[in-house]
Amino acid sequence: MYPYSDNITFGENTVTMTLPATQEVEAPGTFGNGANPMLGTFTDPTNFTVTSLCGALCLQLKGDNQTITSIEIVDAAGAKLNGTFEANYNISDGPVLIKTGDDGTDKVTLSCPAVLTDDAQKFSWCCPLALWPVALR
C-alpha cells in the first residue's frame with residue numbers, strides 16, 4: 001500500500017484506508033502529497049502490479065491576479081469523497097475500491113496557495129474511482 005500510514009488495515013482480501021478531506025499541494029499542476037493511494041499485488045515472485053485507487057479531477061483556472069488559498073469540490077449526489085474506504089485486492093483485474101465507511105463527507109478541499117493570472121493554471125484532486133462519475137456542484 002502506498003503511501004503507507006498507521007491508519008491502513010489489511011484483511012484477508014481487503015485493505016481499509018482513510019482518504020484525506022484536505023489535499024495539500026505545493027504548486028499548481030501537482031497532486032496533494034500522499035492523496036493518491038496505490039495498491040501493489042504479486043501474482044508470483046517476479047510479477048508485481050501497482051494500481052491507483054483514485055482518479056484525477058483537473059480544472060484549469062485563470063484570473064486577474066486574484067490570490068486563492070483553497071478550492072473545494074462537492075459531490076452533488078452526496079457520495080463520499082473523503083474518509084474511510086475499503087479496497088479488494090483479490091480481483092483478477094486488479095484492486096478496486098468496493099465501499100465507503102460511515103465517516104467522511106461529500107467534499108474535498110485542495111489547499112493550493114496560488115495567484116491566478118491570464119495563463120491558465122491546472123489544479124488536480126484525487127477522487128475515489130468507485131465514485132466516478134462524480135457529479136459536482
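Predicted model: local features only at pLDDT ≥ 70, side-chain atom pairs only at ≥ 80, totals over all residues.
Apart from neighbours within four places in sequence, Thr14 is in contact with Thr9, Glu86, Ala87, Asn88, Tyr89 and Ile98. Thr14 lies in strand 2. Is Thr14 buried or exposed? Its relative accessible area is 19%, and buried means under 20%, so Thr14 counts as buried. One of its contacts, Ile98, is 84 residues away along the chain, yet the C-alpha atoms of Thr14 and Ile98 are separated by 9.2 Å.

The next step is the sheet. Strands of a sheet pair through backbone hydrogen bonds, and the pairing can be parallel or antiparallel. Here, four strands make an open sheet in the order 1-2-8-9, and the pairing is antiparallel. Strand 1 (9–10) and strand 9 (96–100) are the edge strands, each pairing on one side only. Strand 2, which covers residues 14–19, pairs with strand 8, residues 83–88, over six bridges in the antiparallel sense. Within this pair, Met17 stands opposite Phe85 of strand 8.

Another feature is found on the surface. Which residues form a nonpolar patch there? They are Phe42, Phe48 and Val50, and together they have about 340 Å² of accessible area. Val50 belongs to strand 5, which runs over residues 47–52. The relative accessibility of Val50 is 48%. Exposed means over 50% and buried means under 20%, so Val50 counts as partly exposed.

Note on methods:
Residues numbered from 1 in each chain as written. Heavy atoms only, no water. Pairing = 2+ DSSP bridges. Helix = DSSP H or I, 4+ residues; strand = E, 2+ residues; numbered from the N terminus. Patch = residues over 30% accessible without salt bridge, like charges linked within 9 Å, V, L, I, M, F, W, Y side chains within 5 Å. Areas by Shrake-Rupley, 256 points an atom, 1.4 Å probe, with all protein chains shown as cover. Salt bridge = Lys/Arg side-chain N within 4 Å of Asp/Glu carboxyl O. Buried < 20%, exposed > 50% of the residue type's maximum accessible area, 1.4 Å probe, protein only. Contact = heavy atoms within 4.5 Å.
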